[in-house]
Amino acid sequence: MIGAQVLIVAGLLVLLGVRSRIAAVLLALLVLVPVHGGVSPAMALRGLWGDPSVTTLQLLLLALAGRTPPALHAGWRAPAFLALAAAALYASALGPWNFDLYRFGYQPAALVAVFGALALIAWWRGQPLYLWLLAIDLLAWRTGWLASTNLWDAMLDPLLMLALLALAIRHGYRRYQNRNVVLA
Amino acid sequence: MTWKRNLPLIAFAAALAWCGPRLRPLPPAAFVIERPTSSPATGTPHAELLPRAAATAHAATLAQRADGKLIAAWFAGSREGASDVAIFSSVYDQGAWSAPQAIVDRRRVEHDTQRLIRKLGNPVLWRDAHNVLHLWFVSASYGGWSGSAINHMQSSDDGRHWSAAARIVTSPFWNLSTLVRNPPVALADGGMALPAYHEFLYKRPEWLRFDGNLRLIDQARIPDSTRTLQPAVAALDAHRALALLRDSGPPHRLRAAYSDDAGGRWQPAVATSIPNPDSALALLRLADGTLLLACNPSETNRSRLALLRSRDQGRSWSAPLIVEQGDAGEEFSYPALLEDSAGTVHLAYTWKRQTIKHVEFSPAQIEAVQ
């Protein structure tokens, strides 16, 4: 999974303005080169934020392949909901509460019911992305190849939460601006 | 077109079908209650310092190997948190401890886990029913101990060779801040439950349940336990357990919590009458069913180390039997307890941060702790 760090760096490079996705991936491969004491920048990044979720990997692969799903080009509700779900998860995991949402990820029938229902509604309304993401998250989690045995870790991670929050704000702001234009 | 539209639905249904068995609730856990395997021996009182491995040493842990010999592990280096700290082990054979051998250092953990590692600490040894020795320890890549994660290694040849270190994911936020200090409790289904704790933002204990394949399958919290850490757990019977908790802040008393379903749910933690200066403790259920506690019974420092005994499942404790009493600046801390198969109780602890000390107690001496 150290290769996942390459995808994250390539995604960040594209975000920072590297126009060629191939160039971004080739440049990102340099993070695998050990620079100090046998430690590569990829290992340093992995020490910082660990492995990304399967959802992040899917979205990065799609973005780097130039196949960013239409659902991510517009709409703020789904990204906002997912970002809030992640924020609630991290607040319950890190806070002083007796209640822990993370525990639901080990035998995740309730988790799958909630997210599955929402993904099915999105699919019914013509957005298949979230059903695809959840199906592949589940399959990857079931293989047992992931470092974590908790389904939450296959679905969400803090970097994804930040990216979804940024998307929700950007799309929400655009929508707000467009509404003002129509009213004018 | 309909086929293409239904493709994600089919994938989701297939994933659900495959995941089905993993979605169901866990069967309830039960503890394995160990019985004495031989009649108690009249062990000779014995105390000695272990050979020094480096300038400082801390956080000892004990296990009995399959061949009956005692093995201790601790972390040692130029100072706690230094990059040269490694986990060392020594074997107790015929009344003497062997020269310390490094089990793992940060370079090996970096190699095994493919990530930057800055420091190691808090080893925990445990032998399972299949005579496999397990070693858990914490590592941090950045920041202080609150940024730690738990790693696991195992040995099938009594600690001569160890598997690669594997990181255990226990927290969704970059796996930040889960640590160990005390040994696990065996479960009847072949798994184990490992008492652990968080330190990032809030200190609090965690209960990690693993199946027989070492897969983390559940984790539970102890209600009302913020500002406590380093839980030490003893199984009282097949379903009841007692957790004693180090107290990091007022009221400076060890806190206690009980579970009636083998750790699935815990009752709220309550303060005991035993003072605690924000220092680690060890808890052991002896073969006769009584409990033995090693701790620093003081509100202010770690210069006194004592044993206490409970004959009523932790509801009341004996007067402390003082094992060490030093000056205010001296430290005798981080105890580890083990009852070997002959009934001898072994205590290992940090001795002035310089090395580890080992004390043996015969059954008669333990019986005298009233």
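Chain A is divided into domain 1 (1-51) and domain 2 (72-183), with bounds from an automatic or database domain assignment. The C-alpha centres of domain 1 of chain A and domain 2 of chain A lie 24 Å apart. The model is predicted: local features need pLDDT of at least 70, side-chain atom pairs count only at pLDDT 80 or more, and totals for chains, interfaces and linings use all residues. Residues are numbered from 1 along each chain as its sequence is written, while chains are lettered from A and ligands numbered from 1 in the order in which they are written.

Helices (H or I, at least four residues) and strands (E, at least two) are DSSP runs, numbered from the N terminus. Helix H1 (residues 3-15) and helix H2 (residues 21-28) of chain A pack at an angle of about 135°, with their axes 8 Å apart. Axes are lines fitted to C-alpha atoms, for helices over the stretch in contact, and angles run from 0 to 180 degrees between N-to-C directions. H1(A) and H2(A) are therefore oblique to each other. Angles under 35 degrees count as roughly parallel, over 145 as roughly antiparallel, 65 to 115 as roughly perpendicular and the rest as oblique. H1(A) passes H2(A) in a right-handed crossing; the near helix is turned clockwise from the far one by less than a right angle, whereas anticlockwise is left-handed. H1(A) contributes Val6(A), Val9(A), Ala10(A), Leu13(A) and Val14(A) to the contact, and H2(A) contributes Arg21(A), Ala24(A), Val25(A), Leu27(A) and Ala28(A). Residues are in contact if their C-beta atoms, placed from the backbone, lie within 7 Å.

H6(A) and H7(A) pack at about 145°, with axes 7 Å apart. Phe115(A), Gly116(A), Ala119(A), Leu120(A), Ala122(A) and Trp123(A) of H6(A) meet Tyr130(A), Leu131(A) and Leu134(A) of H7(A). Eight of these residues are nonpolar, one is polar and none is charged. Ala, Val, Leu, Ile, Met, Phe, Trp, Tyr, Cys and Pro count as nonpolar, Asp, Glu, Lys and Arg as charged, and the others, Gly among them, as polar.

Between the chains, 41 residues of chain A are in contact with 37 residues of chain B. H7(A) gives the most to the side of chain A that touches chain B, with seven residues. That side divides into 27 nonpolar, nine polar and five charged residues.

The axes of H7 (residues 129-143) of chain A and helix H1 (residues 2-23) of chain B come within 9 Å and cross at roughly 30°. That makes H7(A) roughly parallel to H1(B). The crossing is left-handed. The contact includes Leu131(A), Trp132(A) and Arg142(A) of H7(A), and Phe12(B), Trp18(B) and Arg22(B) of H1(B). By class, it has 13 nonpolar, no polar and two charged residues.

In chain B, four strands form an open antiparallel sheet in the order S16-S17-S18-S19. Strands pair if DSSP finds at least two bridges between them. Strand S16 (228-235) and strand S19 (270-275) of chain B stand at the edges, each with a single partner strand, so one side of each is left without a neighbour in the sheet. S16(B) and S17(B) (residues 241-247) pair over six bridges. Val233(B) stands opposite Ala243(B) in S17(B).

Two backbone features of chain B complete the description. A cis peptide bond joins Pro250(B) and Pro251(B), with omega about 15°. Pro251(B) is in the loop between S17 and S18 (253-259) of chain B. Tyr334(B) has a phi near 50°, a positive value in a residue other than glycine.

Conventions
Two residues are in contact if their C-beta atoms, placed from the backbone, lie within 7 Å.
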